Amino acid sequence: MDFNALFSDFGGYTITGLTVGAIYALVALGYTLVYGVLRLINFAHSEVFIAGAFAAIWGWAALGLDGNSVASGFGSIMLYLLVGALIAAVASAGTATVIERVAYRPLRKRNAPPLAFLITAIGASIAIAEAFGIYTRRRPVGAPTLVKNDVLFTVFGAEVTVVQLLILGSALAMMVALDLFINRSRTGRGIRAVAQDANTAALMGINKDRIILVVFVIGGVMAGVAGMLYDIRIGTLTYSVGFLLGLKAFTAAVLGGIGNLRGALVGGLLLGLVENYASALFGSNWKDLAAFVVLVVLLMFRPTGLLGESLGRARA
Amino acid sequence: MRQKLVRLVGGVAIAALALGGAAACKSDSGSDEASGGACDAKIAFFGALTGPNAALGINENNGVKLALDKYNKENADCQVTLVPLDSQGSPDQAPGLAQQAIDDEKILGIVGPAFSGESEAANPLFNEAGLVAVTPSATRPSLNEQGWKNWFRVVGNDLYQGPAAAWYIENELKAEKVFVIDDQSAYGAGLADEVKKVLGAKVVGSDKVQGDGKQSDFSATVTQVKSSGATAVYYGGYYPEAGLIRKQLTGAGVTATLVAGDGTNDAAYIEGAGAAAAEGSILTCPCMPAAETGGTFEEDYKALHGVDAGTYSDTAFDAANILLQGIKAGNTDRTKLLEFVKGYTGQGVAANYKFGANGDLDPESVRVFAYVVKDGKIVPAKEIPKSW
């Protein structure tokens, strides 16, 4: 136990933990949305994330930025970021749509048991990850340095860098937008209705299949942006990183209460913090253990997660 | 109609299975009489061909392929086939694959297992079966203390490489504060421990991370390195994590030189870290620079595979050649081939080979080189003086 390492740099560990957590939270939204509507864990969601992360890198490459490039100029950086986010969002939403069409819809039409969905999800996940692996010859792909990692300002002795602010800021903005969309818009009402009772919603004239597709697309957009933010933060992408990140994001969703959008945010940030503090206290090799111990202990006392399941609850 | 079709397809599948099974049985029982002729001999490559650390395994498999390609061209009437066994570098998969190799009686020798962890899991089985295994890259020192009679290593182990890295950190980098990281693998932790032992009080901090692609975010480690004020960072592990750590260290403004071992000595490290961040990194390897290996190995490799030879392509090529020379000399069963390798001496492209009683490379044959990343390429820096 190295309390000294943790407390001498507490602010630093907090900020980096929150940054990691923000990416977890964005990916967790995809799990939570699909679960809220379909009662289905979309284990292929990790590959939705990977598709966006690769698409952003390849999009930048098409614009002439490889792993060794450094972008400069505020205007062009913003442009690259927007283009990257757009390409990533489209690629991820596309991947999610394909997964829903190929792996889930045919099963739903035949009233397959829930276990069958689990198997097709894992199958789709492996197939997509391996396809990326073969295409990249299983080697890491470098992302360009778009945003210089300069220190912006200092709070409580913690240095906040541009990258950290960018990730936290854009993740929070996306989540607020999503929350408004689900709670205020017509489609959002449709999503909540299907989540509450799919058959009744269908009787009221809601096109269930369309709503399900929308849910996958929204989850994909969030995961795509998370993929681009991951590229910027980590700087290197390997085809196999999706699995573990997906698992962490799923954990974050369960921690916050799966099916609950705000829960995904809380769960993601909490998981990022716990992991980072545990790394400082016990060494990096203990961080996964610490995360899962927290999960197990929390679920013992709050079986539905921190904020409980809510997408289908009456209040909304 | 549909029902019928399904039944038909199912029936065909079952028939095919039954036939396949019968054929397999047949080939098993027929192997006794066939073992007299050597022309259906096989050698296997055992290592990661997929998974997070596949780049090294693919380098090695390509080296073995080149050796076989040459051999089969020269001996067109009596060819040897290669069986690639993809362990994904994982000790969990190793015993099953090892058994698979043992059960195929045509396999006379193994090039591999490539990594130290999987070597510990597979070699007890190979040893029992008397199947010779020549590893081109498993460098954990304690592998030579296991009493395996089947096991040979054509590369210098970490007892040479660890102190060599420490020597470079002390005498060339002149670093007074060193941070040591390892990935908890049999290889990485072993190497890091050797470095720590030699550097002693100069090690100002250490951390253990997760290898095998299980970790991509090293922010906690980076924070520790930053506050330790180290001017050199030693990483014991493989290139995927090394690349990420280097990139994230540089991203956080840490300018300390990264020093790592042969598991990181691959162009994929630079691809991962980015040329700018990787610049100046020191990579040690008990392998000779291409310019010194002589012959046409580099050109032949490039001609066959379309890419440059990577780390351990040369040692794998040599390991395969040792087995092939044995088969050529008429040692066409496992016992004879094992005896042949035990007594083997000769010059390969990577070293002059001679094995000690424990199967390890004779200390006289070991040479460790330091390589440096310069302009996005790994180039030889200097040979590290022998301290053994």
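How many residues does the largest nonpolar core have, and which have the most contacts inside it? This core has 218 residues; those with the most contacts inside it are Ala25(A), Leu26(A), Val225(A), Val233(B), Tyr234(B) and Ala320(B). A nonpolar core is a set of buried Ala, Val, Leu, Ile, Met, Phe, Trp, Tyr and Cys residues joined through C-beta atoms within 7 Å. Buried means that 20 or more other C-beta atoms lie within 10 Å of a residue's own, with C-beta atoms placed from the backbone.

This is a predicted model: local features need pLDDT of at least 70, side-chain atom pairs count only at pLDDT 80 or more, and totals for chains, interfaces and linings use all residues. Residues are numbered from 1 along each chain as its sequence is written, and chains are lettered from A in the order in which they are written.

H2(A) gives the core its largest share, 17 residues. Helices here are DSSP runs (H or I, at least four residues), numbered from the N terminus.

**Where the chains meet**

28 residues of chain A are in contact (C-beta atoms within 7 Å) with 31 residues of chain B. These helices of chain A each supply at least two residues of the side that touches chain B:

| Helix | Residues |
|---|---|
| H1(A) | 3-8 |
| H2(A) | 10-38 |
| H10(A) | 241-256 |
| H11(A) | 261-282 |

The largest share of that side, four residues, comes from H2(A).

**A second core**

A separate core of five residues includes Ala5(A), Leu6(A), Tyr13(A) and Ala220(B).

Methods. Contact = placed C-beta atoms within 7 Å. Buried ≥ 20, exposed ≤ 12 C-beta atoms within 10 Å, placed from the backbone.
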